[in-house]
Amino acid sequence: MSADAPRREDGVRGSHPDAMHPAEEHRIASAEHWEDAAPGWVRRQRAIRELGAPVSQWMLQAIDPHPGQRVLELAAGVGETGLTAAQLVAPTGGVILSDHAEGMLDGARERAAELELTNVEFQVWNAEWIDLPVASVDAVLCRWGYMLMADPAAALSETRRVLRPGGRVALAVWDALSANPWALVPRLELIERGLAPAPAPAPADGRDRWEIGQHTPGPFALGAPERVRGLLQQAGFVEARVETIDVAQRHESFDAFWETMLDISRELHDLVLAQPAQEIEQIRSSLEARLEPYTAADGTLAIPGRTLVATASA
């Protein structure tokens with residue numbers, strides 16, 4: 001770790017010396033999960049790139065990269081956003097793509113080679129501890145990453161630490177689950193079959209779980225503009241701006257949707273394919289029926305979704 005990076009110690013739960021803090025348990029499980037998921041994401045990177053294109057475009061416009069600048073992408077996955085930034089800061093600038101899954105960065109390396117980019121560095125980092133000196137990058141990108149982290153507040157504080165004064169962060173997190181039928185519909189199917197737990201009940205006093213410090217990492221954990229704005233302000237950012245972008249998952253058929261989701265969602269893959277063949281077919285048929293409202297006469301699907309995007313200045 002860089003000498004300028006702050007040291008942290010993870011606490012332990014209970015008195016047993018081998019007990020592990022829940023946040024550290026999540027970090028370990030998350031790293032394993034994304035290593036397992038990486039091959040599917042590499043196979044489906046074109047579809048993921050097309051889905052995320054309007055989001056990446058918004059983020060890049062927000063940081064306005066120029067030749068000669070240094071840009072960092074956190075939780076980069078296969079690097080769609082950061083690799084575009086690399087083209088914009090060339091020939092004298094560069095981009096660091098970081099992710100805590102080596103398999104994801106392998107996919108990003110392949111894509112960088114296809115694009116003949118030579119100004120990209122690849123680092124296996126957890127975004128809560130960025131191994132860079134203070135004020136060492138001009139901009140930071142993070143598309144659909146902060147909400148998955150055990151401590152997004154720490155990650156954003158680290159983000160601000162490595163940004164030069166006046167540097168910008170641009171991020172995206174999914175809006176609430178209810179605004180994303182592409183995820184809600186399969187989740188309901190699994191819950192109703194007893195294959196996935198129902199959402200935890202809201203606190204009895206009516207407050208948001210985030211307000212009382214009950215952050216549970218997940219795709220929709222930061223799905224409210226006030227949460228995103230509050231985290232940015234807490235980390236010391238100024239001029240925070242939060243907007244929404246409608247995106248749609250488009251597939252040529254239900255079969256294409258089914259195969260893609262099983263390939264990129266380890267949760268769906270593991271829960272569904274662990275069932276007997278007859279139940280797998282029942283799940284498939286039921287899910288196809290649930291998605292009928294988003295299916296055109298020619299069989300193509302356009303399943304709505306909505307993401308939050310935000311930018312702020314260090």
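Which residues are buried in helix H7 (residues 225-234)? The legends below take up this point and others in a predicted model.

**Close-up 1. The buried side of helix H7.** Arg227, Val228, Leu231 and Leu232 are the buried residues of helix H7, which spans residues 225-234. These residues lie on the same side of H7, because the arc they cover around the axis is only 130°. The exposed residues Glu226 and Gln234 sit on the face of H7 turned away from its buried side. Among the elements that cover the buried residues of H7 are H5, S5, S6 and strand S7 (301-313). After H7 comes Gly236, which has a positive phi near 100°.

**Close-up 2. The open sheet.** The sheet is built of 7 strands, is open and has mixed pairing. The strand order is S3-S2-S1-S4-S5-S7-S6. Strand S3 (120-124) and strand S6 (238-251) are the edge strands, each with pairing on one side only. On average, neighbouring strands of this sheet are turned by 15° against each other, direction ignored.

**Close-up 3. Strands S4 and S5 with helix H5.** Strand S4 (residues 137-143) and strand S5 (residues 163-174) run parallel and are joined by 6 bridges. Cys142 has Leu171 in S5 as its bridge partner. Helix H5 (residues 152-162) lies across strand S1 (70-73), S4 and S5. The helix H5 runs at about 150° to S5.

**Close-up 4. The aromatic pair of Trp34 and Trp41.** The structure holds 6 aromatic pairs. One of them is formed by Trp34 and Trp41 and is edge-to-face, with 5.5 Å centre to centre and 80° between the planes. Both Trp34 and Trp41 are buried.

**Close-up 5. The aromatic pair of Trp144 and Trp174.** Trp144 and Trp174 form a stacked aromatic pair, at 4.4 Å centre to centre and with 10° between the planes. The pair links distant parts of the chain: Trp144 is in the loop between S4 and H5, Trp174 is in strand S5, and the two are 30 residues apart. Trp144 counts as buried because its relative accessibility is 12%, and the cut-off for buried is under 20%. Trp174 is buried too, with a relative accessible area of 6%. Trp144 and Trp174 form one aromatic cluster with Trp182 and Phe220.

Technical notes:
Residues are numbered from 1 along each chain as its sequence is written. This is a predicted model: local features need pLDDT of at least 70, side-chain atom pairs count only at pLDDT 80 or more; totals for chains, interfaces and linings use all residues. Side-chain values use heavy atoms; hydrogens and water are left out. Two strands pair if DSSP finds at least two bridges between them. Helices (H or I, at least four residues) and strands (E, at least two) are DSSP runs, numbered from the N terminus. Axes are lines fitted to C-alpha atoms, for helices over the stretch in contact, and angles run from 0 to 180 degrees between N-to-C directions. Contact means heavy atoms within 4.5 Å. Rings of Phe, Tyr and Trp (its six-membered ring) pair if their centres lie within 6.5 Å; planes under 30 degrees apart count as stacked, over 60 as edge-to-face and the rest as tilted. Buried means under 20% relative accessible area, exposed over 50%, partly exposed in between (1.4 Å probe, protein chains only). The arc is that of the directions from the helix axis to the C-beta atoms.
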